[in-house]
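Here are a few notes from a colleague to read beside the structure. Take them one at a time, and keep the view open as you go.

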Amino acid sequence: MTFPARDALFDSTPGGELRPAPRGAGDGGEPLFPALAPPAPPNGVEYPVAAQPTRAVGVAPAGMAFLHDPRFRAAQQAMQFGAWPQVVEKLRGLRADVPAGCPEGEMLDALLGEATLKAGLMLQWTGKIKGRRLTVGQAWLLRRSLPFFLVLALFLSGAIFYQNLIAPSRQVVAMARANQSLVDEATGLLQAGNYEEARAIYAGVLARDPGFLPARQGMEEARRQMNMAVTYDIARQVADAGNVPRALRLLTAIQRASPAFRDVDAQVVRLQGLMQVGRLFAAAEKSFAQHRWLEAVRGYEQVAAPAADYQPETLALHLNEAYLYAGQELLTRAPAEGAGPPEARAYLRKAQSAGVQPEVAAAALDRLDSYFKGERAVKNGDLLDAVNLWRGLYDENPAFLGGALAEQLYRLYLTLGDTAAAGGSPDYARELYQLAAGLSVADPGEAQARLAGTPAATPTPEPTPIPQPAVYVAPVEPAVPPPTPEPTPTPAPSFQGWIAFRTNRNGAEEIFVMQPDGSNAQPAPETIRSRFNLLYEKEQWSPDGSRHIFVQSIEGRSDANIFMAAADGQGLISLTPFNEDEYDPVWSPDGQTIAFVSNHTYNDEIWVMAAGGGDPRQLTWNEWEWDKHPAWSPDSRQLAFYSNRGGRRQVWVMGSDGSGQRNISNNPYEDWDPVWLK
């Protein structure tokens with residue numbers, strides 16, 4: 001490497017002085033020492049003035065051996081203090097040890113040239129410029145100020161560090177805390193069911209920080225709970241509308257997704273109960289329609305116990321009617337566990353309290369009261385009082401309590417007869433045995449045997465008086481019948497051939513009678529009112545009393561069918577093996593035909609079939625209306641029934657072949673359950 005001539009480094013002034021030539025002048029502006037020039041910024045980036053990278057003067061690229069020489073380090077130290085002559089001296093000594101032509105030599109030559117130039121300038125200008133030296137005071141001030149400047153530098157660097165690092169991180173933390181507080185507030189609103197307010201807060205948080213995970217999760221939960229809330233409200237509305245199965249499906253889906261949502265568990269239990277109640281109510285209604293009163297009462301009571309508000313009007317009306325008819329039915333049946341006189345009295349009292357045929361209920365309760373008084377008399381040993389009370393009931397209805405009263409009265413007569421015989425009153429004993437033998441009991445043989453074995457007493461001049469019953473209810477048949485007295489006319493007309501029916505014409509249910517054309521409708525006498533149900537049940541027996549038709553379900557099926565059996569229960573056969581319900585069977589007086597009700601064609605319609613069960617024929621046809629409760633005329637040529645064709649129950653009449661159907665009620669009230677009196 002060659003150095004420029006001295007003239008190229010200095011210009012001569014007119015006074016003969018030398019001055020440094022402008023660098024780059026005339027040579028394209030290139031730096032004199034390229035190795036010492038600042039490196040170019042990477043990728044064309046221009047450094048700001050304050051950020052330009054610098055390189056220490058005289059520092060050579062790494063990898064040169066002289067860099068570790070003490071003379072080079074001494075030259076570097078001299079450079080820092082501007083002692084350029086010393087730098088030249090050190091570098092020359094170092095250059096003398098480096099062979100010519102190697103890169104280290106070229107580097108040292110460049111450094112030596114620059115140091116020589118600066119040393120020359122220093123020598124040239126040293127005499128012309130008087131150096132300034134710090135005074136004692138300035139030096140002392142500088143030393144005293146140095147700690148302040150150090151503290152200031154530390155403060156400034158700390159401020160810069162706080163501004164660039166600490167402050168932003170604290171802002172991030174503060175924002176995260178504020179967002180979490182809002183999310184907590186929204187979560188509380190969500191738990192309280194305020195979905196819209198919660199969603200608004202979540203949306204505000206996400207607007208400031210879209211990536212804030214708790215807010216995103218909260219928004220999803222709010223959306224999910226809003227959907228469940230809508231489904232829950234729909235389920236409640238559907239349930240209130242009566243579609244319990246669909247409401248149960250909706251609530252069950254919510255329960256599976258979120259068991260803790262509102263009161264969904266309680267609602268599911270409630271609807272499951274309603275489903276069960278619905279099935280019980282349907283079964284009770286079926287029993288009610290088929291006049292199985294005891295089953296209807298039990299079914300309605302099972303409905304009313306957990307859900308008294310389930311179809312309350314129908315439930316109350318039918319249950320109270322079932323109470324009355326069940327009480328009356330129990331008066332015709334032998335007492336059994338849970339179905340005897342106490343239950344009959346309870347049912348009749350409930351019907352009476354509800355205002356269902358209060359006169360009928362009161363009359364039945366009076367008969368039961370006499371029965372219970374007789375029971376108390378027996379317990380107290382007052383057998384004669386019991387006989388007098390029970391004999392009146394027997395004479396009014398020999399089948400009272402399904403014949404159980406007759407059996408009890410029979411035993412009382414035998415006991416009293418035995419007491420009279422043992423007391424020496426054979427005539428009185430015979431009289432009591434005769435009363436026992438005349439009762440309608442299954443086997444009067446015991447009374448007949450005692451009667452035959454009890455001789456008549458031998459009269460004595462002074463017979464010993466024997467206590468007599470307070471009232472002789474049934475006289476002993478004389479050996480020769482007395483003359484038949486002339487018949488006494490009765491004020492009440494004969495109602496044979498009339499139609500008895502239920503009606504609410506006077507605001508409460510009553511039994512009325514009317515002629516077959518609907519004329520002369522009037523309240524029925526007590527003899528018909530008290531036996532109304534029995535009159536209809538009698539229609540289920542063949543005219544000769546040898547066979548009985550009734551309704552029951554086939555095992556394994558829920559529908560009801562009509563069966564026939566002999567009077568002793570033998571020879572059971574099914575008459576209507578249809579897939580739907582058949583009920584209300586009645587036997588025609590000529591014994592040839594049975595009329596009944598069936599919903600085999602979807603509506604309740606009147607049908608007839610042969611007495612043996614063949615040739616079923618439908619007599620009435622309706623779109624949605626129903627016809628029920630057929631009753632034969634005495635000549636078997638007509639049928640009465642009731643229908644809701646006009647929107648209310650009315651009594652109709654038609655021919656036995658279904659012809660000539662006509663409404664004979666024709667009134668704005670309800671008439672139903674006709675019975676043709678025979």
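1. Start with how much of the chain is tucked away. This is a predicted model, and buried residues make up 39% of the 678 residues in the protein.

2. The protein has 19 helices and 17 strands. Of the contacts between residues at least 6 apart in sequence, 47% join residues at least 24 apart.

3. The largest pocket has a volume of about 730 Å³. Its lining counts 29 residues, and H291, W293, E329, E537 and Q540 lie nearest the centre of this pocket.

4. Which elements build that lining? At least two residues each come from α10 (293-304), α19 (532-538), β6 (547-553) and β9 (582-587). The most come from α19, with seven residues. Sorted by class, the lining of the largest pocket holds 10 nonpolar, eight polar and 11 charged residues.

5. Finally, have a closer look at α10. This helix has 12 residues and reaches 16 Å from its first C-alpha to its last, close to the 16 Å expected. The buried residues of α10 are W293, L294, A296, V297, G299, Y300 and V303. They pack against α9 (264-289), α11 (312-330) and α12 (341-353). Among them, W293 also belongs to the residues nearest the centre of the largest pocket.

Terms used: Residues numbered from 1 in each chain as written. Predicted model: local features only at pLDDT ≥ 70, side-chain atom pairs only at ≥ 80, totals over all residues. Heavy atoms only, no water. Helix = DSSP H or I, 4+ residues; strand = E, 2+ residues; numbered from the N terminus. Buried < 20%, exposed > 50% of the residue type's maximum accessible area, 1.4 Å probe, protein only. Contact = heavy atoms within 4.5 Å. 1 Å grid on protein atoms, 1.4 Å probe; cavity = no way out; pocket = protein on both sides within 12 Å on 5 of 7 lines; lining within 4 Å. Points joined across faces, edges and corners; volume = space filled by probe spheres on them. Nonpolar A, V, L, I, M, F, W, Y, C, P; charged D, E, K, R; others polar. Expected span 1.5 Å × (residues − 1).
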